[in-house]
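Biologist: I am new to this structure and would be grateful for a guided introduction. May we look at it together?

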Amino acid sequence: MNILAIDTSTMISTVTISDGVEILGDFNVNQQKTHSESLVPMIENLLKLLGMEVADIDKFVIAEGPGSFTGLRIGMTVAKTLAQASKKELVPVSTLLALANNSSSDRLKVPMIDARGNRIYGAVYDKDFKEIIKEDLYTIDVFKDLVNDLDSEVELIGTMNEKYGDKFKNAVKLPLNFNNSIGRSLIKIALLDDYEPVDLYKIRPNYLRASQAERELLKNDKKDGSKGRR
């Protein structure tokens with residue numbers, strides 16, 4: 001079974017291809033170009049290098065978020081288009097869960113993604129990748145208190161380690177090769193026997209919060225409503 005995984009949750013564009021037994025190819029690019037400029041050429045080039053075509057892919061995997069709103073939309077659009085055109089399954093996987101799967105230790109795993117403004121998208125998973133603290137949008141101070149209250153040794157996974165690592169007790173910061181590039185973990189999760197197929201047309205990015213445009217619209221609606229009551 002050939003599987004193609006896509007991640008555009010952060011600044012890194014990732015495309016990974018596996019035959020279900022080993023990783024055949026893995027492209028990870030952290031650059032100033034937008035995902036819309038880099039993602040499709042990465043897919044085309046990786047397939048070409050492997051002597052494959054889109055028709056050779058049996059299953060697609062997408063990091064559904066949380067993460068960059070624009071990045072998630074681009075990645076999801078490309079993945080759904082490929083799956084629909086080739087009539088193949090698309091597996092959505094939590095970005096945080098995939099990040100946690102970069103580690104295989106027995107420690108609690110604490111993946112974090114930057115949400116700006118002293119906020120992070122975070123969660124905590126046990127050694128079997130069961131959710132201990134649910135994935136959500138947190139201020140860093142609220143999240144570190146929740147993690148520290150567990151009073152367990154934890155692994156911090158993600159690019160927020162250097163910025164916020166000192167806030168966590170009993171914490172191990174994983175080295176840079178664990179902290180991004182989750183294509184291999186996306187494939188690992190998609191291969192699990194207990195991973196439920198999802199209707200392609202029901203798959204949506206998991207933003208965990210309203211976009212800035214939606215927040216502005218809600219704010220304006222509230223203002224207009226207040227004016228109408230005067």
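Biologist: Which residues does V61 touch, not counting residues up to four places away in sequence?

Modeller: This is a predicted model, in which local features need pLDDT of at least 70 and side-chain atom pairs count only at pLDDT 80 or more, while totals for chains, interfaces and linings use all residues. Residues are numbered from 1 along each chain as its sequence is written, and side-chain values use heavy atoms, with hydrogens and water left out. Contact means heavy atoms within 4.5 Å. On that basis, V61 touches I3, L4, A5, I6, L90, V91, V93, L186 and A190.

Biologist: How many residues has the largest nonpolar core?

Modeller: A nonpolar core is a set of buried (under 20% relative accessible area, 1.4 Å probe, protein chains only) Ala, Val, Leu, Ile, Met, Phe, Trp, Tyr and Cys residues joined through side-chain atoms within 4.5 Å. In the largest one, V61, V93 and L186 have the most contacts, and its residues number 25.

Biologist: Which element gives the most to this core?

Modeller: Helices (H or I, at least four residues) and strands (E, at least two) are DSSP runs, numbered from the N terminus. Elements supplying at least two core residues each include β1 (3–7), β4 (59–65) and α3 (95–100). With five residues, the element that gives the most is α3.

Biologist: In what order do the five strands of the open sheet lie?

Modeller: Two strands pair if DSSP finds at least two bridges between them. The pairing is mixed, and the edge strands, β3 (23–30) and β5, each pair on one side only. The order is β3-β2-β1-β4-β5.

Technical notes: Buried means under 20% relative accessible area, exposed over 50%, partly exposed in between (1.4 Å probe, protein chains only).
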